[in-house]
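Let's take a walk through this model, from a single loop residue out to the helices and cores around it. Keep the viewer open as you read.

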Amino acid sequence: QTYLHPYLSWGGYFEFYIMKKQLEINKIKSNSRNPRLIKNKKFKILVNSIQRNPTFMKLRPIIIDEDFKILGGNMRHKVCIHLRKRRVWTDMFTKEMANENNIEAKKNNEPIKSYEEYCDEIMIKDNSHNGDWDYDILGNEWDSALLKEYGVDVWQAWAQLSTRAMKSSQTGSATNRESARMSPNSLSSTL
């Protein structure tokens, strides 16, 4: 289904924004309140990822508000500028959607929020990582070279924790010997 949302265009007249569409990159505004950073190594990994799999941007578009300010995808936006892309896939969170959220909130006796509060929520939630790695699946079903290429740092964390556990086991206490036998699965709550 296609959703059309009116917005005041740069020319001062109303146009309709079709959800999930390509937009000229120069119309998109980076968000100075974005709490995430990307360092050189991770930036290069993301550049490589977008170059190798450009359809990823269509599957995971940059989320913007009605003013074309980024709510989710600031790092992908930076990479697309670096790659000199002229157009990028976007999806817009609209005031109409905020109203829909508030209708549901009222039904559930929850507080309603302003459009800006929902925009802030999207920005933070898009950047949070709420899951843990299942090290058993990663270790047995995934190629470690591919995981490294994809930017997954779990092996580095596993190596650091294993080294600490081994050093602790050398002191001889039962608690330290137990920590040395930690499996990758037990680390998901530790990381």
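**Starting from a proline**

Pro61 is found in the loop between α2 and β4. Helices here are DSSP runs of H or I with at least four residues, strands are runs of E with at least two, and both are numbered from the N terminus. Before going further: this is a predicted model, where local features need pLDDT of at least 70 and side-chain atom pairs count only at pLDDT 80 or more, while totals for chains, interfaces and linings use all residues. Residues are numbered from 1 along each chain as its sequence is written, and side-chain values use heavy atoms, with hydrogens and water left out.

Pro61 is buried, at a relative accessible area of 10%; buried means under 20%, exposed over 50%, and partly exposed in between, with a 1.4 Å probe and protein chains only. What does Pro61 touch, leaving aside its neighbours within four places in sequence? Its contacts (heavy atoms within 4.5 Å) are Lys20, Gly72, Arg76, Trp89, Thr90 and Asp91. Take Asp91: it is 30 residues from Pro61 in sequence, but the two C-alpha atoms are 6.0 Å apart in space.

Now zoom out. The protein chain has nine helices and six strands, and 30% of its 191 residues count as buried. If you look at contacts between residues at least 6 apart in sequence, 66% of them join residues at least 24 apart. The chain exposes about 13,000 Å², with carbon and sulfur atoms supplying 51% of that; the areas come from the Shrake-Rupley method with a 1.4 Å probe, and for residues only the protein chains shown count as cover.

On to the interior. In soluble globular proteins, nonpolar side chains tend to be buried together. The largest nonpolar core here has 18 residues, and Ile28, Met57, Ile62, Ile64 and Val88 have the most contacts inside it. A nonpolar core is a set of buried Ala, Val, Leu, Ile, Met, Phe, Trp, Tyr and Cys residues joined through side-chain atoms within 4.5 Å. At least two residues of this core come from each of α1, β4 (62-64), α3 and β6 (87-92). Apart from it lies another core, of six residues, among them Leu71, Phe93, Ala98 and Tyr118. As for Met57, its partners beyond four places in sequence are Ile50, Ile62, Arg76, Cys80 and Trp89.

Helix α1 covers residues 40-52, and its 13 residues reach 18 Å from first C-alpha to last, close to the 18 Å expected at 1.5 Å a residue (the expected span is 1.5 Å times one less than the number of residues). Ile45, Leu46, Val47 and Ile50 are buried in α1, and the buried residues of this helix pack against α2 (56-59), α3 (74-82) and α7 (144-149).

Next, a pair of helices. In α4 (residues 95-107), Ala98, Asn102 and Ala105 are buried. They cover an arc of only 55° around the axis, so they sit on the same side of α4; the arc is that of the directions from the helix axis to the C-beta atoms. Why would such spacing line residues up? An α-helix has 3.6 residues a turn, so residues three or four places apart point the same way. The buried residues of α4 pack against α5 (115-127). In α5, the buried residues are Tyr115, Tyr118, Cys119, Met123 and Asn127. Their arc is only 160°, which puts them on the same side of α5, and what covers them includes β5 and α4.

Met123 also turns up among the contacts of Asn31, along with Lys69, Ile70, Leu71 and Asn74, leaving aside neighbours within four places in sequence. Asn31 sits in the loop between β3 (21-24) and α1. Is Asn31 buried or exposed? It is buried, with a relative accessible area of 9%.
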